[in-house]
Amino acid sequence: MAENTDILLGYFDSLLATGGMTVADEASDIAKALEAIAENTPDPEPKAPVDNIDTESDSVRLCDTVQLGYRMIPLYSPQLQASAAVNLITAFELLSLSATLTQGKVRDHILKVCRGVLHG
Amino acid sequence: MRIWSISNQKGGVGKTTSVVTLGGLLAAQGKRVLLVDLDPHGSLTSYFGQDPDGLDRSLYHLFFEQRWRNIDYIRETLKPTSLDNVSMLPATTSLATLERQVSGQDGMGLVLARTLAQLWDDFDYALLDTPPILGVLLVNALAACQQLVIPTQTEHLALKGLERMVHTLEMVMKSQKRQLPYCIVPTLFDRRTSASLTSLKEMRRTYQNSLWDEAIPVDTRLRDASHQGIFPHQLDAETRGVRAYRHLLAHIDQVAK
């Protein structure tokens, strides 16, 4: 019986593994990535969206961050998902959107909001 | 979204009937409902006129190539039912091979949780119809749900299945480091038989804290509804089976809150 239970527990642990990452680990990684992006974003003058389209490198990093972020959702217990997951999904959708925007106040504001959600 | 898994490691206890009837009653209250078929037999899928052998895509496909990330792909996989506000994520028989295909890959018990997280705003409730066997699909359901409902036929062998189900649940909770509330629902109750009465008494003695204090009676109208591919309350809203499920719904809603 005990051996059976050990085998089954190993099976469940494998299926439910989150790659050793915890919510705090993931949030910390994402927050660092966002801070790095923010640091490299100069305080912008108001610009028309077409004025600056050289955002390729930031876009790549943002996409990576979004991918990383999605991994956080199942780390929350389902009881918390109603609020936590919705906030996260919204944040990641905003990050996806920000990757398509040129540098400017709007994009900067979106990044700050997302950072707030992930820190929260 | 609130996620309820209807599970038991024994077959023929009324899982699919419970999913369909509860889903229909939620829809009648104006809720947007998603029914998820995790059983390779595809009973729920067949119930609504889809062929588990003939569908191009199903829950199976969400396990590969990270398709659970693609919300458009997930939405296009859903199938309609006989009610506008109820959709179904169907099963195909290929699900039976999943255990082998995901063997050795960590984290494959969380695919459904991730998929439902993507659909969080699309539905008010998701009801999961699980296979009667311990494996990756049942683990996905237990990992994704917030409330477990365990239909248990009122007969001796079903009590052994219930024992196994509760043991499995305890191990999954230990692995996930969380508590999952569960409600045992006596089904196919026939008060004319001593087997039903004895089993119900045994359930009450062993699981008094988790047992719903009513029972779903045998009701041929539930079977009639499945033949027509409609929700039981659409066939007869006041048949005794539907009335009992209405009481159960109120009970689970209360417990889950």
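I take a nonpolar core to be a set of buried Ala, Val, Leu, Ile, Met, Phe, Trp, Tyr and Cys residues joined through C-beta atoms within 7 Å, a residue being buried if 20 or more other C-beta atoms, placed from the backbone, lie within 10 Å of its own. I note that this is a predicted model, in which local features need pLDDT of at least 70, side-chain atom pairs count only at pLDDT 80 or more, and totals for chains, interfaces and linings use all residues. Residues are numbered from 1 along each chain as its sequence is written, while chains are lettered from A and ligands numbered from 1 in the order in which they are written.

I looked up the largest nonpolar core and found 79 residues, with B:Val33, B:Leu35, B:Ala126, B:Leu127, B:Leu128 and B:Ala141 having the most contacts inside it. Its largest share, eight residues, comes from helix 7 of chain B (helices are DSSP runs of H or I with at least four residues, numbered from the N terminus). Apart from this core I found another, of six residues, including A:Phe92 and A:Cys114.

I then followed helix 7 (residues 136-144) of chain B to helix 8 (residues 156-176) of chain B, and the two pack at an angle of about 60 degrees with their axes 11 Å apart (axes are lines fitted to C-alpha atoms over the stretch in contact, and angles run from 0 to 180 degrees between N-to-C directions). The two helices are therefore oblique to each other, the class left over once angles under 35 degrees are called roughly parallel, over 145 roughly antiparallel and 65 to 115 roughly perpendicular.

Key
Buried ≥ 20, exposed ≤ 12 C-beta atoms within 10 Å, placed from the backbone.
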